[in-house]
Each structure stands twice: as structure tokens, then as C-alpha cells.
Amino acid sequence: MTDTAAVEVLTDVHRGVGRILLNRPKALNALTTSMVGAIDGALAAREHTRLSAVVLASTSTKAFCAGGDIRTIREHSLAGDAAASEGFFASEYRLNARIAEYPVPIVSLIDGLCMGGGLGLSVHGGFRVVTESAVLAMPETGIGFFPDIGASYFLPRLPGAIGMYLGLTGHRLDAADALYTGLATHFVPSDRLAAVADALADSPGDPWTSS
């Protein structure tokens, strides 16, 4: 892990709950290759640890994760460094797959923006908790890209034709929309979000229920 990634992704274990905090607030937690590697490495290191859950959250109230760092990817493309861009996407998709198959419940706390790669971090886990400030979207078509990060799996499974609509338009969903579609599983007010990890630690054996 690079020194930058160590600052931009904070990890620890508190009372049996693993915590991964995205800490790049000025960039709305836009994911870099090193950040993806840090998250993946933290999950890999604790895959066989006895944890009751892993909480994935942000240190900023503005964004959970605004997606991949498109500016850097564009710079790689302009410089003709296709390998760097391919490396980012390969590592990102590898992380999405790990989250989907992870043996410990992953609980994403979504406060603020959650777009593109942010949905990749959250939607493949078992639980997505949104606040009243949550905004979810797959805006890739706006930059001439296709909805990636496993969207071809989860978008068609949304009610009716909502998945196709979201993929084609990049429409933004609020918390109520996210809960209706199933992109979110629970709602917690933003002023109580910090208590979720402690609640998980207090009742590690309690069953999960829908909000």
C-alpha cells in the first residue's frame, strides 16, 4: 500500500467489526488504483478473521464515493498509457467480485453521493444503508461509457424497466427511490449513522431485517 492510499483508505477493527473508511473528501472519494488496492487488501487480510461484519463508509458527509477517478483515467488515455487504465478497471472489478463473495456481511453506509464505482463498492455487499442525503446513480453514459462494475447483473434485477432507465439516463435516485428499487436495504438518519458500527458490535448474533 502506498503512503497516499494509507491516508485515503483508513482501516481498523473495533469490537469485532471491521471498518474501512474512504478518506479522500476533496475528490468526493473518487477511486484511484491505489485506493482500490487498499480496500481489496484490507478485505483479503481479514477474510478469515472472526468478524461480525465489515462496515464500509466515508469520512465525509458529501459523498460515500462518487465513482472512479475519471480525470486520472483520462490523463492515462491522453498519454497513451492504456495499461494504467486497464490496471485500474481490472483491480476495481476484482474488488467488486471479492465484495460479492465475501464470507462476512459487508454493510455500506451511504451518506451523500454514491455513483458508478461507489455502487460497485456497495451494491454487491449484503447491506446498503442510506441516509436522507443519499444520491445514487450510474451516470456513465454521460461520459460515453457503459454502466460497468457489475451493472449488467444488478440493473436488470431491479423492478420493471427501472434498471434499463437508470443505465440509459444516469438518473439520480434519492433514499426513498433507492429503498424501493432494492439498491438500498435500510434507512438510518444521517445523525445516527455513526452508531451503526456500535449497534453491530452490541448485537453480533441478531438477525438482519429490512427497514
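1. Helix α2 (residues 33-45) packs against helix α4 (residues 82-101) at an angle of about 30°, and their axes lie 9 Å apart. This is a predicted model, in which local features need pLDDT of at least 70 and side-chain atom pairs count only at pLDDT 80 or more, while totals for chains, interfaces and linings use all residues. Residues are numbered from 1 along each chain as its sequence is written, and side-chain values use heavy atoms, with hydrogens and water left out.

2. The angle makes α2 roughly parallel to α4 (a word for angles under 35 degrees). Axes are lines fitted to C-alpha atoms, for helices over the stretch in contact, and angles between N-to-C directions run from 0 to 180 degrees. Helices are DSSP runs of H or I with at least four residues, and strands are runs of E with at least two, numbered from the N terminus.

3. Which residues of α2 and α4 make the contact? From α2 come Thr33, Val36, Ile39, Asp40, Leu43 and Ala44, and from α4 come Phe88, Ser91, Glu92, Leu95, Arg98 and Ile99; contact means heavy atoms within 4.5 Å. By class, this contact of α2 with α4 has seven nonpolar, two polar and three charged residues.

4. Helix α3 (residues 70-78) also meets α4: their axes come within 8 Å and cross at roughly 145°. Ile73, His76 and Ser77 of α3 touch Ala84, Ser85, Phe88 and Phe89 of α4. The residues of this contact divide into four nonpolar, three polar and no charged.

5. The second largest pocket holds about 310 Å³ of space. A pocket is an open set of points on a 1 Å grid where a 1.4 Å probe fits, with protein on both sides within 12 Å along at least five of seven lines; lining residues have an atom within 4 Å of a point. Of the 18 residues that line the second largest pocket, the closest to its centre are Ala57, Ser58, Leu109, Leu193 and Ala194.

6. β3 gives the most to this lining, with three residues. By class, the lining has 10 nonpolar, five polar and three charged residues.

Terms used:
Parallel < 35°, antiparallel > 145°, perpendicular 65-115°, else oblique. Nonpolar A, V, L, I, M, F, W, Y, C, P; charged D, E, K, R; others polar. Points joined across faces, edges and corners; volume = space filled by probe spheres on them.
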